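This briefing describes a predicted model. It takes up helix packing, the sheet and the pockets in turn.

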Amino acid sequence: MEHKVLFTDLDETLLDRNKSISKRNRDAVTKMLDQGHDFVLVTGRPIATARIVVKELGLMVPRCYMVAFNGAVIYDCVADRVLAERTLPMEVAKEVIGEAHKAGIYVQTYQQDTILTECHSKELDFYLANAKMKYRLVDDLYVSLEKEPYKIMMIDTEDHEKLCRFREQNPSLMEKGNCFFSKSEYLEYCPKDTDKGSGLKYIANFLNVPIENTVAVGDERNDIPMIQAAYVGAAVKNAHEELKQAADYVTKGDHEEGAVAEVIEKFILNEE
């Protein structure tokens, strides 16, 4: 039996609308771990909230890893240890925050397990409804940074095109960091050459597993680098159309119907 690694996105992929994991998904993950394969959660979430999910799913066990902050942090779940990390240079963070202010777009960043933002707005409430985190209101976002951040996020819950225009009108920021949409409402800036695909490659190299033995599954545009980096890239049925176009396989079921289990059963456990 070949040693394989599954890389899976978290929200709208492994988890259902209630942020829970189905019995079918849980059983499939347990079976692949029992057979000696490795399991990696790959998420845009900060490591603090993703670690809570890892514990709730019972994945603080050997052969479980996590890629957080869209590739900026690599984490060993059982050792509770950061294996690698990348950050945005302070001068880039300052420019991103400054341009967001000029454009009148809500912006936030992170320090340790806390969101930093300058106002309590509907955008912050929207984010908190999807990711339970502590937050701190500050007078000046850039000045409040104690160290280089893992990422900066802009949020607009009503006008996706406004975020698109911002991205197009600031090409220099795309050269200084990695810029992408993780949801229609979220425009993210991460360290240069850092994404879910770079996280996949790091883990594969760390585990000494050839890319030919990697499988990835996701639902959003920020998952595209991951499924392109994997030997088999799968999109869940409910995935964004751009991801489906980039995928090798689209699941028959969606995130409410055990889509990750379907991928595990077809590409990890099936030895045909």
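Against which strands and which helix do the buried residues of α9 pack? The buried residues of α9 pack against the strands β1 (5–8), β2 (38–42), β3 (64–68), β4 (73–76) and β12 (214–218), and against the helix α10 (224–229). Like every value below, this result comes from a predicted model.

**Helix α9**

- Helix α9 spans residues 196–206, and its buried residues are K196, G197, S198, G199, L200, I203 and A204.
- An α-helix has 3.6 residues a turn, so residues three or four places apart point the same way.
- At the N-terminal end, α9 is capped by D195, which has a side-chain oxygen 2.9 Å from the backbone nitrogen of G197.
- After α9 comes N208, with a positive phi near 60°.

**The sheet**

- Eight strands form an open sheet with mixed pairing, in the order β5-β4-β3-β2-β1-β12-β13-β14.
- At the edges are β5 (81–85) and β14 (249–250), each of which pairs on one side only.
- Strands of a sheet pair through backbone hydrogen bonds, and the pairing is either parallel or antiparallel.
- The strands β2 and β3 run parallel and are joined by four bridges.
- F39 has C64, in β3, as its bridge partner.
- Among the strands of this sheet, β1, β2, β3, β4 and β12 are packed against by the buried residues of α9.

**The largest pocket**

- The largest pocket holds about 360 Å³ of space.
- Its lining consists of 22 residues, and D11, R45, S182, K183 and Y186 lie nearest the centre of the pocket.
- Two or more lining residues come from each of α1 (10–14), α5 (122–130), β10 (178–183) and β11 (186–190).
- By class, twelve of the lining residues are charged, five are polar and five are nonpolar.

**The second largest pocket**

- The space in the second largest pocket is about 170 Å³.
- This pocket is lined by L15, K19, R45, T49, I52, V53, E56, A129, N130, A131 and K132.
- The elements that contribute two or more residues to this lining are α3 (47–56) and α5.
- The most is given by α3, which supplies four residues to the lining of the second largest pocket.
- This lining comprises five nonpolar, four charged and two polar residues.
- R45 is a lining residue here, and R45 is also among the residues nearest the centre of the largest pocket.

Key: Residues are numbered from 1 along each chain as its sequence is written. This is a predicted model: local features need pLDDT of at least 70, side-chain atom pairs count only at pLDDT 80 or more; totals for chains, interfaces and linings use all residues. Side-chain values use heavy atoms; hydrogens and water are left out. On a 1 Å grid over the protein atoms alone, a cavity is a set of points where a 1.4 Å probe fits but cannot get out, and a pocket is an open set with protein on both sides within 12 Å along at least five of seven lines; lining residues have an atom within 4 Å of a point. Grid points are joined across faces, edges and corners, and a volume is the space filled by probe spheres set on the points. Ala, Val, Leu, Ile, Met, Phe, Trp, Tyr, Cys and Pro count as nonpolar, Asp, Glu, Lys and Arg as charged, and the others, Gly among them, as polar. Buried means under 20% relative accessible area, exposed over 50%, partly exposed in between (1.4 Å probe, protein chains only). Contact means heavy atoms within 4.5 Å. A polar contact is a pair of N or O atoms within 3.5 Å; within protein, one must be able to donate a hydrogen and the other to accept it, and residues adjacent in sequence count only if both atoms are side-chain atoms. Two strands pair if DSSP finds at least two bridges between them.
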